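Here are my notes on the model you sent over.

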Amino acid sequence: MYSLTHSPIGAAGRGTHAPARLRSFLAGLAPACPALPCPCSPRPRERGAGSFPEQPPETSAPPGRTMADNLSDALKKLKITATDSTADSLEGCLDCLLQALAQNNIETSEKIQKSGILQVFASLLTPQSSSTAKVANIIAEVAKNEFMRNPCVDAGLIPPLVQLLNCKDQEVLLQTGRALGNICYDSHTLQSQLINMGVIPTLVKLLGIHCQNAALTEMCLVAFGNLAELESSKEQFAYTNIAEELVKLFKKQIEHDKKEMIFEVLAPLAENDVIKLQLVEAGLVECLLEIVQKTVDSDKEDDIAELKTASDLMVLLLLGDESMQKLFEGGKGSVFQRVLSWIPSNNHQLQLAGALAIANFARNDGNCIHMVDNGIVQKLMDLLDRHVEDGNVTVQHAALSALRNLAIPVVNKAKMLSAGVAEAVLKFLRSEMPPVQFKLLGTLRMLIDAQADAAEQLGKNVKLVERLVEWCEAKDHAGVMGESNRLLSALIRHSKSKDVIRTIVQSGGIKHLVTMATSEHVIMQNEALVALALIAALELVTAEKDIENAQLVQILHRLLSDERSAPEIKYNSMVLICALMGSEPLHKEVQSLSFLEVVSKLRSHENKTVAQQASLTEQRLVVES
């Protein structure tokens, strides 16, 4: 959180802004028999495919007999004679079960469970049997009910169903996929079991073989979307040709719904860096750019959604170092140039995606230097300028993210400061949006690193310093609070200016720097201690009262006494103690605590620098005691 690195932007957990995960939690398929639920989704959604086999035609029960009677007879007959009954009698029993399930699924499922017939089904799931598809269909139907899923597992149905995925019969494959999907619905444990049983390579192979079968293709896509949510699956997917198959399938699609289904699979898979590169090499980027070009001027709801999904997925592909560098092509790649053209667009979604893409291209110094030298900074500032007053917050955040990353290389800082980036960023000081505040602070901190003049100029800006002090108390937003403290410290450390120190003292910043010295992050502790040491060396009289009120001396005693304190923390604490002794009230505080005893122990510290500073501090304490 606090490292000085190029931040990848645009994926959950890898930056503060993440575009939509491209999920609508597609459910399964909707043939004449109800839909295959989607594992991991909050609820199944039916999708009219029209390509599943129809249920058996309804037949009237003979006079004097009810459907319940027929069902009871069928269950008894199946249990007794399943292994040696004739094909015709077996088919009749299965048809009766399917008809009863169609009429009242829950009640029929309960009777099937009580009958013990599920164990019989395991023996009927063989590629040689003509009844296999109907048996798998029955299992798929009963497994729609949550109370039936564990019994299906306990009956040992998963292994034979997995074996059937190697079958050539398309109807068997279809019903088998539905059965497995319903049994494993909402169970990561069972889905992991499927992955361990090797279903991923099998399903990828099926997609390639049966790409002309719409229902089977849809079944595979639903399965991929569900399984790809699990981290354990991504490595297996990376060893298949899934990227090639999905891109090939995507290129054939015309209907929005079909494209959406493929997007639902691509999104979780594209979180894996190896698969990102495979998708880029398979030509997905060209498909996405074509979608953007076709939909950018459309006001149709489907087109707007497709534009967002395509551009978001494009940003996701750039989160991989290899895929990003391949598309950058030394700054001359056609994809990079197309993304640049999105920034001045009038479409907010494209502005957002363009800025996020630049932020992701700006993940190494070479790329950053090239982009700054080729005018990208002005494009980003122009974009920010369009969103100062009541602008789009996500665009503001994305543009600031890009500027923050571009400002990391040392050679870029002066160029960006000369271009007026600091002034452009300061326009957003009034923002009440934490994500914008966070990136604004990070950008300014990167810009002033080792830039004394800029640090002094900003440090004397009373409005900025007062806002920083206000944000240092933003306890509900840890990122903003942390960055505010770090920028406050950086203004002092890089400027070494008495004017800056006086501005910060007058604005009430000392107490926050003292609190920062107790941070759980060593880098923040150290930055605070260095800033406080400079204050003590340059303007101790001005800061004396605030330092006393903030109880800095007691905090330094704790830091030196704590064995867990890092060597640099101990070293800078001792340097600071020596500096504070120039103040009479603070000197008295130092004398009132057992500093001499604590410092004496540090003379034998394993870190030589700490041990040397301990000797010097001990001498100072003895002389001035």
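**Notes on the helix packing**

1. Let me start with helix 3 (residues 105–115) and helix 5 (residues 132–142), which pack at an angle of about 115 degrees with their axes 10 Å apart. Helices here are DSSP runs (H or I, at least four residues; strands are E, at least two), numbered from the N terminus. Axes are lines fitted to C-alpha atoms, for helices over the stretch in contact, and angles run from 0 to 180 degrees between N-to-C directions. Helix 3 and helix 5 are therefore roughly perpendicular to each other (under 35 degrees counts as roughly parallel, over 145 as roughly antiparallel, 65 to 115 as roughly perpendicular, the rest as oblique). Their crossing is left-handed, a label used when the near helix is turned anticlockwise from the far one by less than a right angle, with clockwise being right-handed. Asn105, Ser109 and Ile112 of helix 3 make the contact with Ile138, Glu141 and Val142 of helix 5, where contact means heavy atoms within 4.5 Å. By type, that contact has three nonpolar residues, two polar and one charged (nonpolar: Ala, Val, Leu, Ile, Met, Phe, Trp, Tyr, Cys and Pro; charged: Asp, Glu, Lys and Arg; polar: the others, Gly among them).

2. A word on what you're looking at: this is a predicted model, where local features need pLDDT of at least 70, side-chain atom pairs count only at pLDDT 80 or more, and totals for chains, interfaces and linings use all residues. Residues are numbered from 1 along each chain as its sequence is written, and side-chain values use heavy atoms, with hydrogens and water left out.

3. For the overall picture, the protein has 38 helices and zero strands. Of its 625 residues, 57% are buried (under 20% relative accessible area; exposed is over 50%, partly exposed in between, with a 1.4 Å probe and protein chains only). Among contacts with a separation of 6 or more, 72% are between residues 24 or more positions apart.

4. Helix 20 (residues 348–361) and helix 23 (residues 393–406) pack at about 20 degrees, axes 8 Å apart. That makes helix 20 roughly parallel to helix 23. On the helix 20 side, the contact residues include His348, Leu352 and Ile358, and on the helix 23 side they include Thr394, Val395 and Asn405. This contact divides into nine nonpolar, five polar and no charged residues.

5. Which residues have the most contacts inside the largest nonpolar core? They are Phe121 and Phe361, in a core of 206 residues. Such a core is a set of buried Ala, Val, Leu, Ile, Met, Phe, Trp, Tyr and Cys residues joined through side-chain atoms within 4.5 Å. Leaving aside neighbours within four places in sequence, Phe361 touches Leu318, Met324, Leu327, Phe328, Phe336, Val339, Asn367 and Met371.

6. Have a look at helix 34 (residues 552–561) too: seven of its ten residues are buried, so it is largely enclosed by the rest of the structure. Among those buried are Leu552, Ile555 and His557. Its cover includes helix 32 (522–538) and helix 35 (567–580).

7. Thr295, in helix 16 (residues 284–295), is buried at 5% relative accessible area. Lys308, in helix 17 (residues 301–317), is partly exposed at 31%.
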